[in-house]
Amino acid sequence: MLEDYAKVIQRHDVFVLNVSEKIIGVLVLIKQERSILLTNVAVHPDHQGQGFGRKLIAIAEEKARNVGFDAVTLYTNEQMTENIELYKKLGFEETERRLEKGYHRVYMRKTV
């Protein structure tokens, strides 16, 4: 959330979800060696629970396949238990937990 998004847009794949000319979601992807790293997926609170987050994650999966990768990876704060459970329901598996940059992170991976 502290990122300079002008730089993020220049360096990475950024997708926005637009409904009725309002941006209600964002997806930021970074190509790694063998996977796409999903660094940010967010949906405006007024539009959560309507499947938009799932659609954004599906875009990440499609992007990974289109560039010849077999996985999407992500990490989240271990306190974000609802997000972790959602990612598991979407087929992500936890690969590790570690302290990084002062945050207790949960790393996850989904084969596509």
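Select Lys101 to begin, and you will find this residue in the loop between β5 (93–100) and β6 (103–111), where strands are DSSP runs of E with at least two residues, helices are DSSP runs of H or I with at least four residues, and both are numbered from the N terminus. The phi of Lys101 is near 55°, which is a positive value in a residue other than glycine. Lys101 has a relative accessible area of 72%, so it counts as exposed (exposed means over 50% relative accessible area, buried under 20%, and partly exposed in between, with a 1.4 Å probe and protein chains only).

Before you go on, note that this is a predicted model, in which local features need pLDDT of at least 70, side-chain atom pairs count only at pLDDT 80 or more, and totals for chains, interfaces and linings use all residues. Residues are numbered from 1 along each chain as its sequence is written, and side-chain values use heavy atoms, with hydrogens and water left out.

Next, select Ser20, which sits in the loop between β1 (13–19) and β2 (22–31). Ser20 is not a glycine, yet its phi is positive, at about 55°, and because its relative accessibility is 66%, Ser20 counts as exposed.

Now follow the chain into β2 and β3 (36–43), which form a hairpin with four residues between them. These two strands run antiparallel and are joined by seven bridges (strands pair if DSSP finds at least two bridges between them), and if you select Ile30, you will see Leu37 of β3 standing opposite.

From β3, turn to β4 (71–77), which runs parallel to β3 and is joined to it by three bridges; here Leu38 stands opposite Leu74 in β4. The chain passes from β3 through α2 to β4 in a right-handed β-α-β crossover, a term which means that, with the strands pointing away from the viewer, the path from the first strand over the helix to the second runs clockwise.

Which residues touch the most other members of the largest nonpolar core? Select Leu38, Phe92 and Met108, which do so among the 21 residues of this core (a nonpolar core is a set of buried Ala, Val, Leu, Ile, Met, Phe, Trp, Tyr and Cys residues joined through side-chain atoms within 4.5 Å). Several elements supply at least two residues each, including α3 (81–89) and β6, while the largest share, five residues, comes from α2.

Finally, stay on Met108, whose contacts (heavy atoms within 4.5 Å), not counting residues up to four places away in sequence, include Val72, Leu74, Ile84, Tyr87 and Phe92.
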